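Please read these notes with the model open beside you.

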Amino acid sequence: MNALPTRESTWWTDSRLATYTAGATGLVALGLCLYQLARPGALHGINEYDDGLYLGTVMRLVHGTLPYKNFVYPQPPGLPLLLAPLGLLGRVVGTRTLMADARFLTALVTAANAALAAFLLRRRGVLPALVAGAALALFPLAVTADKTLLLEPFVTLFCLLGALALFETDEPADDRRVLLAGLAFGFACAVKLFALLPAVAAIACCVPIWRRTRPLLVGLAAGFGIPSLPFFLLAPRDFFHDVVAVQILRQPAPTTTSAAERLMYATGIPGLPSIHATHAIAFVLAALLVGFVIVAFLAPEQHTTFDWFVLGAASLSVASLFFARDFQIHYTYFTAALVALLLGVC
């Protein structure tokens, strides 16, 4: 009998070439970050209030002064623990050099995020990988998060690692990888609670395969609990106040709080110097994106669990921008990473 005809492989469906594309988008993101850091005063100067807070927390931690117990730190302890080795180096080189090192590390993390976004879609071919990686690497407001030490690049890194572990193919992987995914999502929550949104999407995707849900939940609990439990046990009331209550009860920022302004920043258009950003342009762009996603998901092709995970994670993250009591422009980097994946999927 004659063999059934098979579709010939072409360069745009080659997963190996898509992997090279992922590496290229990471290099583009790194190049853009290094360009920003090469500008006068960018490496050692003062860029944000928050970077001083985070770096100061790292330095106090390595000197034996504990957050929550000894001073207020309004975030989970993931980032100070992650950067503790860098803080030990700071005791030798000084805080000025340490800030430069932290900013360079953030640039590396940003490059890894763009590469991971593309790598997650390597099985779909070159174009989806390129769209996802380039959309994040070239996001116009990425500069608000990647030029200094902020939480969003690190939260994004561990969420993308969680997605990579969870989806070895387009369906949830075996128990060991699902456990690793839970650990990654859990530690992302230990950096910033925003990561709970893609974690919820991951849980929802595992519920139909119930045996996958248990290792994911165990990993989530361990990923968040192991770094957080010592601080909670030493100061349970202060830990809950700083990590949970402050986020719920914090006062809205005096600027950029309207829904129209948040939508405008979520699209990234204020970061384009050649465009006068307006609410109308942002609304049209958002409507086109939503329409594109709806058409893609209404197509007759069968959608995978990975597709639904990306849709759920991106939708929850975008919605959170409008419901959060406070809004800072660098929040949009986290959302942009998930929307970039959604564009690649579509």
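1. Start with the contacts across the chain. Of the contacts in the protein chain with a separation of 6 or more, 76% join residues 24 or more positions apart. Contact here means heavy atoms within 4.5 Å.

2. Some ground rules. This is a predicted model, where local features need pLDDT of at least 70 and side-chain atom pairs count only at pLDDT 80 or more, while totals for chains, interfaces and linings use all residues. Residues are numbered from 1 along each chain as its sequence is written, and side-chain values use heavy atoms, with hydrogens and water left out.

3. Overall make-up. The protein chain has 16 helices and 0 strands. Both are DSSP runs numbered from the N terminus: helices are H or I with at least four residues, strands are E with at least two. The C-alpha trace spans about 75 × 50 × 40 Å along its principal axes.

4. Burial. Of the 346 residues in the protein chain, 48% are buried. The cut-offs are under 20% relative accessible area for buried, over 50% for exposed, and partly exposed in between (1.4 Å probe, protein chains only).

5. Helix H1 (residues 15-37) packs with helix H6 (residues 126-137) at an angle of about 10°, and their axes are 9 Å apart. H1 is therefore roughly parallel to H6. The contact uses Leu17, Ala18, Thr21, Thr25, Ala29 and Leu32 from H1, and Val126, Ala129, Leu130, Gly133, Ala134 and Ala137 from H6. These residues divide into 9 nonpolar, 3 polar and no charged.

6. Terms for that pair. Axes are lines fitted to C-alpha atoms, for helices over the stretch in contact, and angles run from 0 to 180 degrees between N-to-C directions. Angles under 35 degrees count as roughly parallel, over 145 as roughly antiparallel, 65 to 115 as roughly perpendicular and the rest as oblique. Nonpolar covers Ala, Val, Leu, Ile, Met, Phe, Trp, Tyr, Cys and Pro; charged covers Asp, Glu, Lys and Arg; the others, Gly among them, are polar.

7. Thr57. This residue lies in helix H2. Thr57 counts as buried because its relative accessibility is 1%. Its side chain reaches the backbone oxygen of Leu53 at 2.8 Å. A polar contact is a pair of N or O atoms within 3.5 Å; within protein, one must be able to donate a hydrogen and the other to accept it, and residues adjacent in sequence count only if both atoms are side-chain atoms. Leaving out residues up to four places away in sequence, Thr57 touches Pro67, Phe71, Tyr73 and Pro80.

8. Tyr68. Check the backbone here. Most residues other than glycine have a negative phi. Tyr68 is not a glycine, yet its phi is positive, about 75°. It sits in the loop between H2 and H3. Tyr68 is buried, at 3% relative accessible area.

9. Lys69. The loop between helix H2 (49-62) and helix H3 (78-82) also holds Lys69. At 45% relative accessibility, Lys69 is partly exposed. Which residues does Lys69 touch, not counting those up to four places away in sequence? They are Leu234 and Ala235. Lys69 and Asp238 are 169 residues apart in sequence, with 6.7 Å between their C-alpha atoms.

10. Asn70. The loop between H2 and H3 contains this residue too. Asn70 is partly exposed, with a relative accessible area of 43%. Its side chain reaches the backbone nitrogen of Leu66 at 2.8 Å. The C-alpha atoms of Asn70 and Asp238 are 9.4 Å apart, across 168 residues of sequence.

11. Pro198. Find this residue in helix H10 (residues 196-206). Pro198 counts as buried, at 1% relative accessibility. Beyond its neighbours within four places in sequence, Pro198 is in contact with Cys159, Phe185, Phe309, Ala313 and Phe334.

12. Thr213. Helix H11 (residues 210-234) carries this residue. Thr213 is buried, at 3% relative accessibility. Its side chain reaches the backbone oxygen of Cys206 at 3.0 Å. Not counting residues up to four places away in sequence, Thr213 touches Ile203, Cys206 and Val207.
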